[in-house]
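Here's a quick briefing to read alongside the model.

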Amino acid sequence: MPELPEVETIRRRLEEKVIGRRIERAVVRLGKIIIHPSTREFQRAVRGEQIQGIKRRGKYLIFETPKTRIVVHLGMTGQLTFWDKNRADDREFQVHPLTGLQRARQHSVDKHTHITLFFRDGNALHYRDIRQFGKWRLYRRGEFEKSGFLDRLGLEPFTPGYCWNAFQLQLEGRHRCVKTLLLDQAFVAGVGNIYADEALFEARIHPEAPASSLSQGEQKRLFHAILRVLERGLENNGTTIRDFVDPDGEEGGNQEFLQVYGRKGDNCLHCGTAIQRVVISQRSSHFCPHCQPAQ
DNA sequence: AGTAATCCCTGGCAGC
DNA sequence: TGCTGCCAGGGATTAC
């Protein structure tokens, strides 16, 4: 499940690989991935366009070309991998014995490769997405700002907008439980299930605590913990549980540093208590009942 | 308006 | 061995 650190890792690697390349044509094998405007329009619009930049907002990647903005959300299992014409494809995906991750340094088109951007120089960019939750949108350059598509997203970590005042303001009058709020992209953009659990552990806050019940001190701890866990994820090139690979098919390393996520029944690294798992709004939540006591 | 529930989708796995 | 049923989960949509 690519969250901010995974998407940013992909963005950085892709930047090195695709900036300056010109799109010869787009092959779309699963039309429903492109939800705006239409597959045909998309293919027409990107033909001949040169990729000039790649931006990120929350979990969205934005490919910039002179006439368009291509907005990609990887959903749960989306992978963007560069296909180098001078490199041989791996014969098959290696499946990680524990995580089930399907990984290849470079792969040819398989049944999950839904979109390929072929570049004029003979290289390509593959989009592979097993669960098909990912979505691509295309906007004309001028239309993109006007669409306000990214405006509904909340605070962006690592930018001046992510400040203590704004954070407090966002928390005001929110009665939902804090874990649910963390998953809401209109609150803080880019936080998903893994980093939400990790941040709550670091801030020593029970995931089911109502957001409005947090003390000033807890709010402050959460504000800083979000940044810390995202930063650590970034330093380790993302967290690979099942599907995350960078454009070279490389896994992240942050799974080694997770303190609660996926550790149900294991000992808390801080106090030794068994980590618990509960379901909060259809999502699994992991926490230490001793370090993160309910009110 | 704010919040909660439903749906989409596949592969892996437990259980029989 | 092979089948069935369940689970993971981001976000758009719908319902309240």
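A salt bridge here is a side-chain nitrogen of Lys or Arg within 4 Å of a carboxyl oxygen of Asp or Glu. Arginine 13 makes one with aspartate 246, with 3.4 Å between the closest N and O atoms. Keep in mind that this is a predicted model, where local features need pLDDT of at least 70, side-chain atom pairs count only at pLDDT 80 or more, and totals for chains, interfaces and linings use all residues. Residues are numbered from 1 along each chain as its sequence is written, and side-chain values use heavy atoms, with hydrogens and water left out.

**Where the domains meet**
- Chain A splits into domain 1 (4-147) and domain 2 (164-287), with bounds that come from an automatic or database domain assignment.
- The C-alpha centres of the two domains sit 27 Å apart.
- In domain 1, 30 residues are in contact with 24 residues of domain 2, contact meaning heavy atoms within 4.5 Å.
- Three salt bridges cross between domain 1 and domain 2.
- Helix 1 (4-18), strand 6 (78-83) and strand 8 (102-103) each give at least two residues to the side of domain 1 that touches domain 2.
- Helix 1 provides the largest share of that side, ten residues.
- Helices (H or I, at least four residues) and strands (E, at least two) are DSSP runs, numbered from the N terminus.

**Charged pairs**
- The whole structure holds 21 salt bridges.
- Within helix 1, glutamate 8 and arginine 11 are three residues apart, about one turn of the helix, and their side chains pair at 3.0 Å, N to O.
- Arginine 11 also bridges to glutamate 15, at 2.8 Å between the closest N and O atoms.
- Arginine 11 is buried because its relative accessible area is 14%; buried means under 20%, exposed over 50%, and partly exposed in between (1.4 Å probe, protein chains only).
- Glutamate 15, at 30% relative accessibility, counts as partly exposed.
- These residues belong to a salt-bridge network of Glu8, Arg11, Arg12, Glu15, Arg56, Arg57 and Glu156.
- Elsewhere, arginine 140 pairs with glutamate 41 at 4.0 Å between the closest N and O atoms.
- That pair links distant parts of the chain, strand 11 (residues 135-140) and helix 2 (residues 39-46), 99 residues apart.

**Phenylalanine 144**
- Phenylalanine 144 sits in helix 3 (residues 141-147).
- Its 8% relative accessibility is why phenylalanine 144 counts as buried.
- Not counting residues up to four places away in sequence, phenylalanine 144 touches Ile62, Arg69, Val71, Tyr139 and Leu150.

Notes:
Chains are lettered from A and ligands numbered from 1 in the order in which they are written.
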